[in-house]
Amino acid sequence: MSTRRSPERVELLQGTLDLLVLRTLRFGPAHGHAIAKAIERGSDDVLLVEQGSLYPALHRLIERGFVTFDDGTSENNRRAKFYRLTPKGRRQLDVETSKWEALARAVGRILRPAGQQ
Amino acid sequence: MKRARRALDGLDDDIRDHIESETQDNIDRGMAPEEARRQAMLAFGNVALAKEDARAVWRWQWIEQLVQDGRYAVRSLRRRPAYALLSILTLALGIGGTAAVYGVARSVLLAPLPFAHERELGVFWKKTDWTHEEYLHIRGRVPGFRQVALFRQRDVIVREGDGPARLVRVVSASAELFDVLGAGPVLGRGFIAGDDVPHAEPVAILSFGLWQELGGSPSVVGARVTLDAVPRTVVGVMPRGFWFPDPAVRAWIPEPLTPGSRNWNSTLVGRVAPDRDVRAMEAEAAQLAAMLGARFVYAAQWDKTRSPRITPVRDDLLGPMRPAILATLAAMVLILLIGCANVAALVLGQVEARATEFAVRAALGAKRLRLAQQLFVEMLLVATGAGAIGAALAWAGITVLSGALPLGAWAESATPDWRVFATAMPIAMAAALLVLLVPTVSLWRGDLRGVLSRKRTGGIQGRGGRLENVLVIAQVALAVMMAAGATVLARSVANLYGVEPGVRTQGVAVVDVVLRGVGNRAQQEQAWTDLVRALGEVPGAQSAAAAQQLPLRGGGYRMGLRIADQPGLQELATEYRIVTPGYLESLGVELRQGRTIGDGDRQGAERAVVINAALARKYFAGVDPIGKLLGGDGAAPSRIVGIVADAAETRLTDAPEPVRYVALAQMPWIDEAQSLVLRAQPGIDETTLLEPARRTIARVAPTAAVQQTTILHRVHEIAIGPARQIVVLLSLMTALSLVLGATGVYGVVAHYAVRRRRDWAIRVALGLPGTRVVSRVVRHGAVLVATGVVAGWAGAALLTRLLSSFLYGVSAVDSVAFAAAGAALLAVGAVAAFVPAWRAGMADPLLALREE
């Protein structure tokens, strides 16, 4: 997740970051930096995400009630928030994931019709 | 919103931690610490933007909800235009009125006085009653005071070129005045020591307003201005907004302090020593009184050693206006409260009418808080509208009020400005919150889901409405307070009008004229005689005459009295009026015996005096006074030639005092200021004489200055006092409060009737006479109104005390006024209750049953 622009890296589609955050939190509570690292590693460094944009996304999710947080202490011994999924967020993740899969399949079919393969 | 605060709290820490972690990772990957941090910052991107975006998430939510509620409120108000309009106008009236009176109060009562540290300034007892001799005796050694200044107000003639002479009000003061007041000029200098010694070079300090009128040039300092035919050097100009002792004063000149001068005409104002409190100067004042008592001998009437007192300057200058303004403000607040109660009842009715809607929405998951929030936004819209209209009303109202309230020279300082909006809006918001209190409580307590089930089963829902009842009781109580206050005041004014002034106040035009620099006494007498004769020939005038002081104005000469074989009267000063022939006839003072002052009473003839009935009663009991000699006025004894009825020569409400009338032509001196009176011919409006009289004066005596033109009727009204002015205001406001109160009673009773329509319909269908229903509903209304009346009486007893300084011949807790106020409300309430009652009782029961 660095800002170096290279042809093999893609920018995120609108709204996808929220989904990725939800997905990351599925494995348990994490603080901001850990979430960013997880997304970065999970996508094999292909996705281009400005780490700062993670925070507005987190607040958006809190506002909608998908994510909540606890105050804790980070490994740097700082006051930091540990974000975790709410039950509502878990449901939302399922919905969004299947939506995403359907969309990806549909777009994939159009871009690469079966006959061409 | 709490969630937002909690989420945003610690955002900074979070981000800092994030960057540190990233830096640490980079170092672990083998980067140099500095490069590691740089890369971490790059990866994170714009920190400020990230924070801003995170905050925006929450901001939007709030605004979005507000916009949504606002849109909903607009829609729901538009669906009920009558309700919306009624609420807005009702509130606007109260808001506008309150903001207007507050605007006046702020510019007159609350504005800081244009003196430094006004809390240190005090005015001495016996205003306008101090002499130069007394002042020079105590000057510089008044206990407890840093400095004390002497001043008096005078009217001086200013004439520019050939223009008409005009009078301006000036203050003539000792040199300390501006030091005492702690005010400095904007141009030039203030007074300096030596300005106030006799024969000092005459100087003048102009007010900002007069300076502007004279051209506003900075070179005015050093220029000459002629006041009373005395050329004076302008040495300074006071800043804009400075006034003392009232805004009508246009210039300040030094008073030449003459040792031994015993003219009782000045006032003392002082600044207390740094360690003293002007409100606690009793001991010092008593000390000063003792100093005076040791040096001077006082007659009992003007004994300065009695009840010495220092009044704080604010109380002294503004105190007389305070009760009038506060009473009006209280009345306006009452109207606002009545209006709020009205609107609250309306909203309550709306909430109940929309109970089904609310219940459905609650069942669908809307939270009560959200429902309350929507009511709140709706009310906020109403209040904003009402506030805007109210501010416009206040804008117009301030001008009306400053004319209608007894503000004197301060009338012009109350002008509308942008602050009416700054006042109206908070009042509107406070009113909205007050209004919302009631329906919110009802929403909170009400069982919303129950409404749905009850609606379906119908039947008896006759309970409830208790809040509404409380509202209408409160409203009636407030209206009773208003009505009682206004009635007490009206009765007092009626009493004052009932006091016989002893003159015929209708049909007399009055011109107050000052004539200076005419020459010797004989020339002065000739000038006045010419003027009076010329005025008598004004078309429409029956007669004209002059007097040094008119009745009903108070404050004329008082002279010692000496009567042969009645020793000891010398010290007793009695009222003394110097008049021209025909004066008593022109005023319509009734002649009881003998004759009045005539043309034959001139220089050389024996001095004549006309006495009033009070003097005859007091000093000539059982004796015929005609032909007796009176002395003691410092001139030759005069013979009593006639007795007239008592005219109100002092204050209107004082008991008749002994008065002497003597001929101007037989006085050793002639006053430069006289009131000229013109009796109009029958059927002629005296006001039409004023302009011709003014022209005649300008023609006959070009150097004469007209101080004011008025009519005797107006003088009488002024004598009746400020109560007359505010009684008009209060009566209007009472009428308004009665209308609002009636609307409230009507609304609540109607609602009561509607709620019980079904049960009554059933009973009427089963044979209950409709009239019984009518009487039940009316009784319900009557009980509410009666309860309100009793509560209102209690409130009124407290409120009318504010008015006590205006009252004459009537107690602040006047039973007649209170009974009248109660009766008025009962009558209005009964009518207001009868209309919906009739409708409920006489309706076709089948129609009512089929509804729903």
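Predicted model: local features only at pLDDT ≥ 70, side-chain atom pairs only at ≥ 80, totals over all residues.

Q: Which residues do H1(A) and H3(A) span, and within what distance do the axes come?
A: H1(A) covers residues 16-25 and H3(A) covers residues 54-64. Their axes come within 10 Å.

Q: Which residues meet there?
A: From H1(A), Leu17(A), Asp18(A), Val21(A) and Leu22(A). On the H3(A) side they meet Ala57(A), Leu58(A), Arg60(A) and Leu61(A).

Q: And by class, how does the contact of H1(A) with H3(A) divide?
A: Six of its residues are nonpolar and two are charged, with no polar ones.

Q: Changing topic, how many residues are in contact between chain A and chain B?
A: 23 residues of chain A are in contact with 25 residues of chain B.

Q: Which elements of chain B give two or more residues to that side?
A: Three helices of chain B do: H2 (11-28), H3 (33-44) and H4 (47-79). H2(B) gives the most, with ten residues.

Q: What classes are on the side of chain B that touches chain A?
A: Twelve residues are nonpolar, seven are charged and six are polar.

Q: OK, strands now. Which strands is E5(B) joined to by bridges?
A: E5(B), residues 203-206, runs parallel to E7(B), residues 230-237, and four bridges join them. E5(B) is also joined to E8(B), residues 251-254, by two bridges, and that pair runs antiparallel.

Q: Last topic, the largest nonpolar core. Which residues touch the most other members?
A: Val480(B), Leu489(B), Leu678(B) and Val749(B), in a core of 237 residues. Helix H16 of chain B, residues 466-498, supplies the largest share of this core, with 19 residues.

Q: What is Leu489(B) in contact with, leaving aside its neighbours within four places in sequence?
A: Its contacts are Ala723(B), Ile726(B), Val727(B), Leu730(B), Leu803(B) and Phe806(B).

Q: What other core lies apart from the largest one?
A: There is another core of 28 residues, including Ile35(A), Leu61(A), Ile62(A) and Leu85(A).

Notes. Residues numbered from 1 in each chain as written. Chains lettered and ligands numbered in written order. Axes fitted to C-alpha atoms, helices over the stretch in contact; angles between N-to-C directions. Contact = placed C-beta atoms within 7 Å. Nonpolar A, V, L, I, M, F, W, Y, C, P; charged D, E, K, R; others polar. Pairing = 2+ DSSP bridges. Core = buried A, V, L, I, M, F, W, Y, C linked by C-beta atoms within 7 Å. Buried ≥ 20, exposed ≤ 12 C-beta atoms within 10 Å, placed from the backbone.
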